[in-house]
Amino acid sequence: QVQLVESGGGLVQAGGSLRLSCAASGSIFITNTMGWYRQAPGKQRELVAQWTVSGSTNYADSVKGRFTISRDGAKNTVYLQMNSLIPEDTAVYYCYINVHQGFRVSESWGQGTQVTVSS
């Protein structure tokens, strides 16, 4: 099983910035996808940003131009730089990974980190 350790959440005023980190460890042959999802109270979990093994990145329309996902392959760590935060960004943010462990594909979720944006 792959373990994910998240950090970087917190409370910030609207217009501010936060940087989330997620470090993966365990038996990983190939990292296929790493990304961030979020879930606000009363809402479904939604994709925020995603990095894929091809090097492409995807973003939710609501965060395009404000959030940037990046990955350090040597550390198998993914980062989410969040700028120009707005109250609607308030949610629990979850790191996600999809990997090949040998020939088997598995996925894991982080424990979640709270991001609160005050107006």
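This is a predicted model: local features need pLDDT of at least 70, side-chain atom pairs count only at pLDDT 80 or more; totals for chains, interfaces and linings use all residues.

Visitor: What makes Tyr37 and Tyr96 an aromatic pair, and why is the pair called edge-to-face?

Guide: The ring centres of Tyr37 and Tyr96 are 5.8 Å apart, and rings pair if their centres lie within 6.5 Å. The planes of Tyr37 and Tyr96 make an angle of 70°. Over 60 degrees counts as edge-to-face.

Visitor: Is Tyr37 buried or exposed?

Guide: Buried, because its relative accessible area is 18% and the limit is under 20%.

Visitor: Which aromatic pair does Tyr37 form with Trp109?

Guide: Another edge-to-face pair: 5.0 Å centre to centre, with 65° between the planes of Tyr37 and Trp109. Trp109 belongs to strand E10 (residues 104–109), 72 residues from Tyr37 in strand E4. Trp109 has 37% relative accessibility, so it counts as partly exposed. Three aromatic pairs are found in the whole structure.

Visitor: How do you know that Cys22 and Cys95 form a disulfide?

Guide: By the sulfur distance. The sulfur atoms of Cys22 and Cys95 are 2.0 Å apart, and the limit is within 2.5 Å. A search of the whole structure finds one disulfide.

Visitor: What does the link of Cys22 and Cys95 tie together?

Guide: Cys22 lies in strand E3 (residues 18–25) and Cys95 in strand E9 (residues 91–101), so the link ties parts that are 73 residues apart in sequence. The angle about the S-S bond is -85°, and the link of Cys22 and Cys95 is left-handed. Cys22 and Cys95 are both buried.

Visitor: What makes Glu46 and Arg38 a salt bridge?

Guide: The closest N and O atoms of Glu46 and Arg38 are 2.7 Å apart. The rule asks for within 4 Å. Glu46 is partly exposed at 35% relative accessible area, whereas Arg38 is buried at 6%.

Visitor: Where does Asp89 lie, and which parts does its pair with Arg38 tie together?

Guide: Asp89 is in the loop between E8 and E9 and Arg38 in strand E4, so their pair ties parts that are 51 residues apart in sequence. The closest N and O atoms of Asp89 and Arg38 are 3.0 Å apart, again within 4 Å. With a relative accessible area of 1%, Asp89 is buried.

Visitor: How do you know that Asp89 and Arg66 meet in a salt bridge?

Guide: N to O, the side chains of Asp89 and Arg66 are 2.7 Å apart, and the cut-off is within 4 Å. This pair links distant parts of the chain, with Asp89 in the loop between E8 and E9 and Arg66 in the loop between E6 and E7, 23 residues apart. Arg66 counts as buried at 15% relative accessibility. Arg38, Glu46, Arg66 and Asp89 are linked in a network of salt bridges. The count of salt bridges comes to four.

Visitor: What makes Arg45 lie over the face of Tyr94?

Guide: Arg45 is 3.8 Å from the ring centre of Tyr94. The distance limit is within 6 Å, and the charge must also be within 35 degrees of the ring normal. Arg19 likewise has its charged end over the ring of Tyr79, 4.1 Å from the centre.

Visitor: Which residues make the nonpolar surface patch?

Guide: Phe29, Ile30 and Val53, over about 300 Å². Patch residues need over 30% relative accessible area. Ile30 has 33% and counts as partly exposed. Ile30 is in strand E4 (residues 30–39).

Conventions:
Residues are numbered from 1 along each chain as its sequence is written. Side-chain values use heavy atoms; hydrogens and water are left out. Helices (H or I, at least four residues) and strands (E, at least two) are DSSP runs, numbered from the N terminus. Buried means under 20% relative accessible area, exposed over 50%, partly exposed in between (1.4 Å probe, protein chains only). Patches are made of residues with over 30% relative accessible area and no salt bridge: like charges are joined within 9 Å, nonpolar side chains (Val, Leu, Ile, Met, Phe, Trp, Tyr) within 5 Å. Accessible areas come from the Shrake-Rupley method with a 1.4 Å probe; for residues, only the protein chains shown count as cover. Rings of Phe, Tyr and Trp (its six-membered ring) pair if their centres lie within 6.5 Å; planes under 30 degrees apart count as stacked, over 60 as edge-to-face and the rest as tilted.
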